[in-house]
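Have the structure open while you read, and follow the points in order.

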Amino acid sequence: MRKKIVAGNWKMNKNLAETGVLISELKTTLEQSSDAEIIVAPTFTNLYYAFEELKGSDIKVAAQNMHQAEHGAFTGEISASMLKSVGIEIVILGHSERRAYFGETDELLLEKVKTALKHDMTIIFCFGEELEDRKSEKHFSVVETQLKNALFGLDAASWKNIVLAYEPVWAIGTGETASPEQAQEMHAFIRSTIAKAFNDSIAEEVSILYGGSVKPANAKEIFAKPDVDGGLIGGAALDAESFAAIVNAI
Ligand code: PEP
């Protein structure tokens, strides 16, 4: 059975003190065990602290990005082995903000994916179409191309380390959510595309999260869809009560 996952992407929010507050609130609010694996992704400077504070809890810690090189003259960047050395085993790659503001292409993401796999990290791989793609009914082909370019060259064994996060760009941080039916339609398409490129068992086992303005008010309906295995949450993950309500909607 594939895993249900709720992951909170804190983006460039929360300094060290605020991270401490949110973590202690989450530890209290999320105290009962959940059916979902719970992940939070604080900013780089707070990863080690978050990892230490959450040791022994049911909450895992992820990085929001990493560089593709092993080490070297890449000022301002963070490597996979640096993340691993502070206990981080999970990395978000390909978030639409990285693609839009930092020029990350499918080709670059393939390099990052390969490096993360070399370090046996779990990858939450984000992708999704822009508003114009949906309006012109190109959303399925855009998503298929993103997956093909970054993931379909991998060997079958790599898929045990991959979690997919379908995030339509028009729904991220906008308050606009894909309807549960739109999410289900795309997730089913993604699964069938993976089945064709690899096999049915990989397609059945991979967790596909939905991301884009998920809130306590809409989480249950979205998570109820058979091919939606949880969510990647931005804004609503910055508040312990709303994140807990989303986790409880699984
Ligand atoms: C995200 O950034 O991955 C995201 C889904 O953000 P939000 O929930 O705020 O739309």
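**Notes on the model**

1. Let's start at Asp229: a polar atom of its side chain lies 2.8 Å from the backbone nitrogen of Ile208. The Asp229 side chain also makes a polar contact with the side chain of Arg191, at 2.8 Å. A polar contact here is a pair of N or O atoms within 3.5 Å; within protein, one must be able to donate a hydrogen and the other to accept it, and residues adjacent in sequence count only if both atoms are side-chain atoms.

2. Before going further, a word on the ground rules. This is a predicted model, so local features need pLDDT of at least 70 and side-chain atom pairs count only at pLDDT 80 or more, while totals for chains, interfaces and linings use all residues. Residues are numbered from 1 along each chain as its sequence is written, and side-chain values use heavy atoms, with hydrogens and water left out.

3. Where does Asp229 sit? Look in the loop between α10 and β8 (230-233). Helices (H or I, at least four residues) and strands (E, at least two) are DSSP runs, numbered from the N terminus. Asp229 counts as buried because its relative accessible area is 2%; buried means under 20%, exposed over 50%, and partly exposed in between (1.4 Å probe, protein chains only). Not counting residues up to four places away in sequence, Asp229 touches a list that includes Arg2, Lys4, Val206, Leu209 and Ile250. Contact means heavy atoms within 4.5 Å.

4. Now the ligand. Which residues come nearest to it? Of the 14 around it, they are Lys11, His95, Glu167, Gly173 and Ser213; a residue is near if one of its heavy atoms lies within 4 Å of the molecule. The shell divides into 4 nonpolar, 8 polar and 2 charged residues. In that count Ala, Val, Leu, Ile, Met, Phe, Trp, Tyr, Cys and Pro are nonpolar, Asp, Glu, Lys and Arg are charged, and the others, Gly among them, are polar.

5. For the His95 side chain, the distance from a ligand oxygen to an N or O atom is 2.8 Å. Ser213 uses its backbone instead: a polar backbone atom there is 2.7 Å from a ligand oxygen. Taken alone the ligand exposes 300 Å², and the protein buries 97% of that (Shrake-Rupley areas with a 1.4 Å probe; for residues, only the protein chains shown count as cover).

6. You'll find it in the loop between β7 (208-211) and α10, and with a relative accessible area of 10% it is buried. Most residues other than glycine have a negative phi. Lys14, in the loop between β1 (5-9) and α1, is another non-glycine with a positive phi, near 80 degrees. Why is Lys14 called partly exposed? Because its relative accessibility is 26%.

7. Ser213 is also touched by Asn218, as is Thr177, leaving out residues up to four places away in sequence. Asn218 belongs to helix α10 (residues 216-223) and, at 15% relative accessibility, counts as buried. Its side chain makes a polar contact with the side chain of Thr177 (3.3 Å).

8. Helix α1 (residues 16-29) has 14 residues that should span 20 Å at 1.5 Å a residue, and its end C-alpha atoms are 20 Å apart, which agrees. The expected span is 1.5 Å times one less than the number of residues. At the start of α1, a side-chain oxygen of Asn15 comes within 3.1 Å of the backbone nitrogen of Ala17. Thr19, Gly20, Leu22, Ile23 and Leu26 are buried in α1, and their cover includes β2 (37-41), α2 (47-54), β3 and α11 (240-248).

9. Finally, helix α5 (residues 106-118): its 13 residues reach 18 Å from first C-alpha to last, close to the 18 Å expected. Its buried residues include Leu109, Leu110, Val113 and Leu117. The buried residues of α5 pack against α3 (80-85), β4 (90-93), α4 (96-101), β5 (122-127) and α7 (139-151). After α5 comes Asp120, with a positive phi near 55 degrees.
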